[in-house]
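This dialogue goes through several features of a structure, one by one. Each question is followed by a reading of the case at hand.

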Amino acid sequence: MKTTLYYKTKKIGINILIHLFLLSVAITCIFPLVWMVSSSLKTQETIFRDTSLIPKSFHFENYYLAWMEGGFGRNFLNSIFYTTSVVIGIIIVSSLAAYAFSRLRFPGSNLLFFMFMAAMMIPIPGSFVPLYVLLNKLHLRNTALGYILCMINVGLSTSIFLLKTFFDKMPKELEDAARIDGCSKLGIWWHVALPLAKPVLAVVVIFNALNVWNEYVLALIIFDSKPLMPLQVALTTFQGEFITRYPLLMAGLTITALPIILVYLLMQKYIVKGVTQGAVVG
Amino acid sequence: MKWFLRSIGLALLSLFFINLSGCAPQTSGKTANITVWHWMTDREPAFQELSKRYAAKTGMKVNFELYAPSDAYTQKVRAAAQGGNLPDIFGVLGEKRDFSSFVKAGHILELTPYMEEEGSAWKNKFFPKALAVNEFIPENTYTVKPGIYGVPIDIMTIQMLYNKDLFKELGFNPQKPPATFGELLDIGKKIKEKNMQGLVSGWGEVWMIDCFANNYAFNIMGQDKVLATIKGEVPYTDPDWVKVFTLFKELQDSGFLANGLVTMVNKTAEQLFANDKAVFAFNGSWCVNVYKGMNPKLNYWAILPPQVSDKFPMSIWGGAGSSFMVNARSKNKEEAVKFLKWLTDADQQAFLSEATQNLPANKDSVGKIPHILAQFAKGMDFATHPSIWGISEFSPVIEAFDKGIQSIIIGEKTPEQVAQEVQKIKERELAKKR
């Protein structure tokens, strides 16, 4: 009886500790978001004076001003377009490449794979100037296509690595069964490998969507035309060298964060699967 | 779920076609006669207004294109220089070394002949020290052909500020700021007594410590001796340098320095001063705009740091804030120069100053700007800047110097110890150079 009580108390104690820890992590993650929304409803003056999370007066006009002054309308559509195009491009190319690296044996396949992996080590700012010169020579500078191709290239290495690891662990028997049913190699990739890889694909989608959505330096370098710029560039209009218009910046950030939060919510189920049981397939 | 995915697909497809129209290179510069690339977000509306005024006056369209933040702008300008896509007018950010590399690569037009036209009419409009930042003197270490290569559009000085209301609260006359270092120490004692915060500044971003220390080094030993030290002819263990280091100990002991100053970033310092939580600040003229945004009612004034010695004049850091350069390979370079001449005229400079709360580069505009800005502009008479000294200190020495001062403030080291350590690094760097 005593032992049962001891184990029960111990279990409750451990649970309380775990929940306290998780609660503190959750608060740490949520607090900046709450602060961002709260600051977006204050004035420049009250941001520095009123530190409470609930503003004394709500300035919803900051959202309107941020949208209009930042020219968010066009930039917002651009960001959605770039993010979707790049993510689709990455999924198609990386899943095909990862499947080929995992299943096809050809001379130099390992070397090629390691070369792809080595590309992960090169920080993108280090390649800005060569990229600019290359795009200039190809007449792709200041074009949406040039930017999309660059961003697909940026996301490929990690995505190939993630998907190849998954395909390596996928039982070959599944493919044999599909082959007996008359599936071609491409058919197996489409009908067997891709549906099974949904959790990993969700991770690839999230990582790359976040990466493209938040990118602005390359866009700023490649584009000269304002109508081609993504949303993040519009945000920088509120950030001066010495002075930052915090209420408008925070309102802009809130607008910018919404779509990515939506993607997270839609893909939440797959992401958890991808992180926890990515290796369990078939 | 399928209908949802289909509708997303349809929406994206339509978006794709909308965006394809944007895929073709859009040369926004096509309709504009002159294209200017800049990084100054806060000046964008004023530039657009000036562009309209110029178009109304001359019929020439000037297209100001903003690329911020400054780091990304710098990358863009570098990449554009490599690709031969620089606009008609642009700015080069960074150190003078970067500026010189653009000049040597033939990207920047030499403006000396234009400046010296009609009895140097254009040149004489500027504060001489503002122009000096854009000038390469004969026998410069960068091996650039001597001349003027940039046009300052505004200037800046870094000075000491005091909160008049808090000054009064301490029992001092707000119209009579401290004139000597001794008075500063007395005020420090009073600040300590009243449990208030003294000087705030961005000394966590160490270059501001360097700036403050250099002000006093110039006052104690004069420019020649400071430059001789950089050349390696005078050691940092010289009594004058030890005196400079000792000033920080005295300031700390008196209670003049605010708590946590050594790790304070300038944004925090600005916030504290703007909210009446610190009596003094050490900040650049850009702060006028910052304080206006944070607390429009802030009652403050700018002064030169009170001097320690009357042997040499007090010097402060100042010079060109932002400058524009003309692309030497541009077809519109003559028009670009004409536009810059117009932009730096007294009226346009006064407009820019009022709209952006920056100091005008044109000295004739000073009478037309707010008092506090005019006070900062007066400091130009005492201004100097490392970029016009013609020589520069080794980075490891600057680092040891600034960090040494931080350790004096927190009581970790004595001024003599820091002087010896800095000198040791200086000797090491000199030996490497030899």
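Q: Are α9(B) and α11(B) roughly parallel or roughly antiparallel to each other, and why?

A: Two packed helices are described by the angle between their axes and by the distance between those axes. The model considered here is a predicted one. In chain B, helix α9 (residues 181-193) and helix α11 (residues 239-254) pack at an angle of about 30°, and their axes are 8 Å apart. Angles under 35 degrees count as roughly parallel, and α9(B) and α11(B) are therefore described as roughly parallel to each other.

Q: Which residues make the contact between α9(B) and α11(B)?

A: From α9(B) come B:Leu185, B:Gly188 and B:Lys189, while α11(B) supplies B:Glu250, B:Leu251 and B:Ser254. Sorted by class, this contact has 2 nonpolar, 2 polar and 2 charged residues.

Q: How many residues of chain B are in contact with chain A, and which elements of chain B give two or more residues to that side?

A: The size of an interface is often given as the accessible area lost when the parts come together. Here the description uses residues in contact: 36 residues of chain B touch 32 residues of chain A. On the side of chain B, the elements that give two or more residues are α1 (2-20), β2 (62-66), α3 (70-83), α12 (266-274) and α13 (287-294). The largest share, 8 residues, comes from α3(B). By class, the residues on this side of chain B divide into 17 nonpolar, 15 polar and 4 charged.

Q: How many helices and how many strands are there in chain A?

A: Chain A has 13 helices and 0 strands.

Q: Why is chain A described as more spread out than a compact globule?

A: For 282 residues the globule rule gives 19 Å, whereas the radius of gyration of chain A is 24 Å, well over that value, so chain A is more spread out than a compact globule. Along the principal axes, the C-alpha atoms of chain A fill a box of roughly 80 × 70 × 30 Å. Buried residues account for 36% of the 282 residues in chain A. Of the contacts in chain A between residues at least 6 apart in sequence, 77% join residues at least 24 apart.

Q: Where in chain A is A:Lys273 found, and why does A:Lys273 count as partly exposed?

A: A:Lys273 belongs to helix α13 (residues 246-277) of chain A. A residue is buried with 20 or more such neighbours and exposed with 12 or fewer; A:Lys273 has 17 C-beta neighbours inside 10 Å and therefore counts as partly exposed.

Q: What separates the C-alpha atoms of A:Lys273 and A:Ser159?

A: The two residues are 114 residues apart along the chain, and the C-alpha atoms of A:Lys273 and A:Ser159 are separated by 17 Å.

Terms used: Residues numbered from 1 in each chain as written. Chains lettered and ligands numbered in written order. Predicted model: local features only at pLDDT ≥ 70, side-chain atom pairs only at ≥ 80, totals over all residues. Helix = DSSP H or I, 4+ residues; strand = E, 2+ residues; numbered from the N terminus. Axes fitted to C-alpha atoms, helices over the stretch in contact; angles between N-to-C directions. Parallel < 35°, antiparallel > 145°, perpendicular 65-115°, else oblique. Contact = placed C-beta atoms within 7 Å. Nonpolar A, V, L, I, M, F, W, Y, C, P; charged D, E, K, R; others polar. Rg over C-alpha atoms; globule rule 2.2 N^0.38 Å.
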